[in-house]
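Biologist: Please take me through this structure feature by feature, giving the general idea each time and then the case at hand.

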Amino acid sequence: EGEGRTLLKAHSGQEALKILLKEDISLVLLDVQMPGMDGFEVAELMRQRKDTQTIPIIFVTAISKEKKYVFKGYQAGAVDYLFKPLDPLILTSKVDFFLGLDKQRRELQAKLKEAQAHRAAYEAGKTRAATHREHSQGSSQGNRNGRVVGRAECLYAHPVSASREFSVANHAGSTPACQRG
């Protein structure tokens, strides 16, 4: 335990899985030898669940030092494998590293969520503006009979073809109809 950390202890594989389902866990220190379900089985079950499959696992053991067990630990999803007795400085360093990665991951997720919210607001604004523009254009454009429908302080007329049709728009450099003499 340390500043901003909480150590949750499980005395069996089943208990560890229950904690994983209830708590937001950043790192698992998993003993290979546990009553009932061993650490390898717990790791394999963790990797099968979406909500626990990315939690880093550091296996800890006093007995299974053979390479085949170490390899089995990595196959089960371990990011590291430590042997007892544990060196407190090494353990602290590894825990600090993985908790730092978890903090960065959470910060990135928060920024991604914020960016997605901004994008959604931007897209909603574009949709509202397009809808408003469509309604505005539909109610203020002249028809082919020369009538103008809608309200405006001053209309800007632009020829749209060689025929004598005009469109109503608000463009710079246009001659406002209300200023013509």
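**Reading burial, rings, helices and pockets**

Modeller: Y81 has a relative accessibility of 6% and therefore counts as buried. Buried means under 20% relative accessible area, exposed means over 50%, and partly exposed lies in between, with a 1.4 Å probe and protein chains only. This is a predicted model, in which local features need pLDDT of at least 70 and side-chain atom pairs count only at pLDDT 80 or more, while totals for chains, interfaces and linings use all residues. Residues are numbered from 1 along each chain as its sequence is written, and side-chain values use heavy atoms, with hydrogens and water left out.

Biologist: What pattern does the chain follow along the sequence?

Modeller: Helices (H or I, at least four residues) and strands (E, at least two) are DSSP runs, numbered from the N terminus. Here the chain has 4 helices and 6 strands, in the order α-β-α-β-α-β-α-β-β-β. Of its 181 residues, 24% are buried. Contact means heavy atoms within 4.5 Å; of the contacts between residues at least 6 apart in sequence, 39% join residues at least 24 apart.

Biologist: How many aromatic pairs does a search of the whole structure find?

Modeller: Rings of Phe, Tyr and Trp (its six-membered ring) pair if their centres lie within 6.5 Å; planes under 30 degrees apart are stacked, over 60 edge-to-face, and the rest tilted. The search finds 5 such pairs. In one of them, the ring centres of F59 and Y81 are 5.8 Å apart and the planes meet at 45°, so this pair is tilted. F59 belongs to strand β2 (residues 57–61) and Y81 to strand β3 (residues 78–83), so the pair ties together parts 22 residues apart in sequence. Both F59 and Y81 are buried. Y81 also pairs with F83: the centres are 5.5 Å apart and the planes are at 55°, so this pair is tilted.

Biologist: Is F83 buried, exposed or partly exposed?

Modeller: F83 counts as partly exposed because its relative accessibility is 32%. F83 is found in strand β3. Its C-alpha lies 5.1 Å from that of T61, although F83 and T61 are 22 residues apart in sequence. Beyond neighbours within four places in sequence, F83 is in contact with T61, S64, K65 and V70.

Biologist: Which residues do the ring pairs link into a cluster?

Modeller: The cluster consists of F40, F59, Y74, Y81 and F83. F40, found in helix α2, is buried, with a relative accessible area of 4%.

Biologist: Where do the buried residues of a helix lie around its axis?

Modeller: One reads an arc, namely that of the directions from the helix axis to the C-beta atoms. In α1 (residues 13–22), the buried residues are G13, A16, L17, I19 and L20. They cover an arc of only 160°, which puts them on the same side of α1. The face turned away from that buried side carries the exposed residues K18, L21 and K22. The buried residues of α1 pack against β1 (28–31) and α2 (39–48).

Biologist: What are the buried residues of α2?

Modeller: They are G39, F40, V42, A43 and M46. Their arc is 160° as seen down the axis of α2, so they line one face of the helix. Their cover includes α1, β1, β2, α3 (67–75) and β3.

Biologist: How much space lies in the largest pocket?

Modeller: On a 1 Å grid over the protein atoms alone, a pocket is an open set of points where a 1.4 Å probe fits, with protein on both sides within 12 Å along at least five of seven lines; lining residues have an atom within 4 Å of a point. Grid points are joined across faces, edges and corners, and the volume is the space filled by probe spheres set on the points. The largest pocket holds about 1100 Å³. Of its 33 lining residues, T6, L7, L8, L27 and L29 are the closest to its centre. α1, β1 and α4 (88–140) each give two or more residues to the lining, and α4 gives the most, with 8 residues.

Biologist: Which residues does a cis peptide bond join?

Modeller: Most peptide bonds are trans. Here a cis bond joins K84 and P85, with omega about 0°. P85 is found in the loop between β3 and α4.
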